[in-house]
Amino acid sequence: MKLAFVWYEICSIWGQLSVKWQKELFKAVEIDTTQPPYVFKCQLYDLTGVPPDRQKIMVKGGLLKDDADWSTLGVKEGQKLMMMGTADEIVKAPEKGTVFVEDLPEEEQAINLGHSAGLFNLGNTCYMNSTVQCLHSVPELKSALINYSHSGRSNDVDQTSHTLTVATRDLFSELDKSVKPVAPMQFWMVLRKKYPQFGQLHNNTFMQQDAEECWTQLLYTLSQSLRSSGSSENPDTVKALFGVDLVSRVHCVESGEESSETESVHSLKCHISQEVNHLHEGLKHGLKSELEKNSPSLGRSAIYVKESRINGLPRYLTIQFVRFFWKRESNQKAKILRKVDYPLELDVYDLCSEDLRKRLEAPRRTLRDEEGKKLGLKPSEKSSGSKDNDVKMSDVEGSSNGSGEPSNAISDEGVPPEKETQMTGVYDLVAVLTHKGRSADSGHYVAWVKQESGKWIEYDDDNPIPQREEDITKLSGGGDWHMAYICLYKARVLPM
């Protein structure tokens with residue numbers, strides 16, 4: 001371990017630094033003075049390996065504090081700053097002998113670690129970090145982003161959406177390759193440029209934001225960028241991965257008027273009331289709503305009841321617990337702390353339309369038989385491998401939207417396959433985004449992600465912590481502990 005001295009020289013254009021680290025010189029290092037010095041220290045960590053908590057940077061009046069105001073520090077162009085601190089030791093691999101994990105290249109160390117890196121909190125950015133970690137767990141999305149580097153920006157995608165998509169791709173890649181925490185500087189800067197609400201300040205400090213809003217906005221941007229040309233044959237990746245097709249019956253009890261609607265959404269809502277104790281009950285509430293609109297037959301406004309059913313299933317089902325509401329008395333978002341249990345395995349069959357249920361019957365029968373075989377049970381007569389059953393199975397391959405169109409399921413490469421996978425309506429929990437606190441605009445967000453090995457990791461910003469699976473379902477609420485805000489389920493599909 002060596003004591004390191006780092007000299008920083010302010011370039012002629014304020015906002016860029018030349019960084020001298022031992023015998024190396026880093027040119028044009030950007031600095032944003034609207035952000036706290038802690039963000040600057042995270043950049044230095046990436047360059048030098050000196051963790052932020054070990055950095056001692058001399059400025060006017062003493063040491064540079066993490067939450068200091070740049071405008072009061074008197075830093076001028078051409079001024080040199082000195083930092084003292086001990087860098088993390090880089091272990092060199094021995095020329096001969098046993099190869100230990102710490103001796104491997106960093107990318108190989110990341111693979112052996114069994115989980116991806118954490119993310120530094122850049123100042124109330126836990127909402128962003130937890131969103132990124134959950135979406136980063138979707139391998140098909142990562143594959144689609146890698147392919148995006150080859151296709152580039154299309155004419156119908158604006159520059160900021162393109163830039164945010166590239167920043168997402170690069171951040172995902174960095175998380176996979178790094179064994180130490182990553183500072184998502186570029187991603188955060190681009191996110192705030194695309195969506196200025198995430199750059200709101202209060203007393204010169206960035207405000208906490210709603211993780212669900214970040215999740216929704218990021219997916220919307222990616223849906224624009226990753227959409228293939230000729231969408232009728234090649235639907236956009238985000239819709240294929242996360243899109244839930246709904247068919248709704250809208251009727252007016254007073255006049256008897258009735259109509260039907262179809263729409264595609266990226267998540268289902270779990271509404272919480274005194275009657276809701278389980279996720280399934282909340283989903284049923286979320287699929288039924290009342291709205292007021294003009295009635296042609298009555299010639300005035302009337303109350304309509306909208307009842308929806310799932311008509312097309314995604315590979316990944318996103319569920320948001322509607323825990324926040326606007327409280328007029330305090331003029332702020334309040335949180336519903338009620339406990340709502342959720343399962344590790346979710347079956348949405350009874351939430352589907354009649355047509356979709358029929359299409360799911362054969363794959364579900366096969367799934368039950370396959371799981372039964374593992375338990376030593378005999379398969380049912382209807383799915384014993386007869387020729388008739390083979391024909392029926394081919395009819396339902398990939399058709400889960402109830403209208404004869406292909407299902408939303410896609411291959412691991414992030415593009416629609418020639419033959420679609422068979423959806424069953426059964427999903428397994430793979431990620432949970434939780435919130436701790438009483439308000440969406442405060443508190444703390446954390447991501448809990450299931451790894452390919454089956455183990456769970458809690459991503460508390462830059463600190464990945466292994467967890468037991470039985471502890472994941474305890475994040476159901478009922479107190480001030482972390483409680484589920486968004487759940488991500490992966491479809492259990494039949495092998496082709």
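Visitor: Let's start with Phe 321: is this residue buried or exposed?

Guide: In this predicted model, Phe 321 has a relative accessible area of 0%. Buried means under 20%, so Phe 321 is buried.

Visitor: And how does Tyr 342 count, buried or exposed?

Guide: Tyr 342 comes out at 4% relative accessibility, so this residue also counts as buried. Across the chain, 48% of the 496 residues count as buried.

Visitor: How do I read a pair of aromatic rings?

Guide: You describe such a pair by two things, the distance of the centres and the angle of the planes. Here, a search of the whole structure turns up seven aromatic pairs. In one of them, Phe 242 and Tyr 316 sit 6.1 Å centre to centre with 40° between the planes, which makes the pair tilted.

Visitor: Which parts does the pair of Phe 242 and Tyr 316 tie together?

Guide: Phe 242 belongs to helix α8 (residues 237-242) and Tyr 316 to strand β14 (residues 316-322), so the pair links parts 74 residues apart in sequence. Both Phe 242 and Tyr 316 are buried.

Visitor: What about the rings of Phe 321 and Tyr 342?

Guide: Their centres are 6.1 Å apart and their planes are at 65°, so this one is edge-to-face. Phe 321 is in strand β14, while Tyr 342 is in the loop between β16 (332-335) and β17 (345-347), so the pair ties together parts 21 residues apart in sequence. Ring pairs also link Tyr 127, Tyr 195 and Phe 198 into a cluster.

Visitor: Which residues touch the most other members of the largest nonpolar core?

Guide: The general idea is that nonpolar side chains tend to be buried together in soluble globular proteins. In this chain, the largest core has 57 residues, and Leu 141, Phe 187 and Phe 242 touch the most other members. Leaving aside neighbours within four places in sequence, Phe 187 is in contact with residues including Met 128, Leu 164 and Leu 218. There's also a second, separate core of 36 residues, with Cys 270 and Trp 456 among them.

Visitor: How do I read the sheet with β9 and β13 in it?

Guide: Strands of a sheet pair through backbone hydrogen bonds, either parallel or antiparallel. In this case four strands form an open sheet, ordered β10-β9-β13-β12, with antiparallel pairing. β10 (258-265) and β12 (288-295) are at the edges with a single partner strand each, so one side of each has no neighbour in the sheet. From one strand to the next, the twist averages 30°. Strands β9 (residues 244-252) and β13 (residues 300-312) pair over eight bridges, and Ser 248 stands opposite Ser 308 in β13.

Technical notes: Residues are numbered from 1 along each chain as its sequence is written. This is a predicted model: local features need pLDDT of at least 70, side-chain atom pairs count only at pLDDT 80 or more; totals for chains, interfaces and linings use all residues. Side-chain values use heavy atoms; hydrogens and water are left out. Buried means under 20% relative accessible area, exposed over 50%, partly exposed in between (1.4 Å probe, protein chains only). Two strands pair if DSSP finds at least two bridges between them. Helices (H or I, at least four residues) and strands (E, at least two) are DSSP runs, numbered from the N terminus. Axes are lines fitted to C-alpha atoms, for helices over the stretch in contact, and angles run from 0 to 180 degrees between N-to-C directions. A nonpolar core is a set of buried Ala, Val, Leu, Ile, Met, Phe, Trp, Tyr and Cys residues joined through side-chain atoms within 4.5 Å. Contact means heavy atoms within 4.5 Å. Rings of Phe, Tyr and Trp (its six-membered ring) pair if their centres lie within 6.5 Å; planes under 30 degrees apart count as stacked, over 60 as edge-to-face and the rest as tilted.
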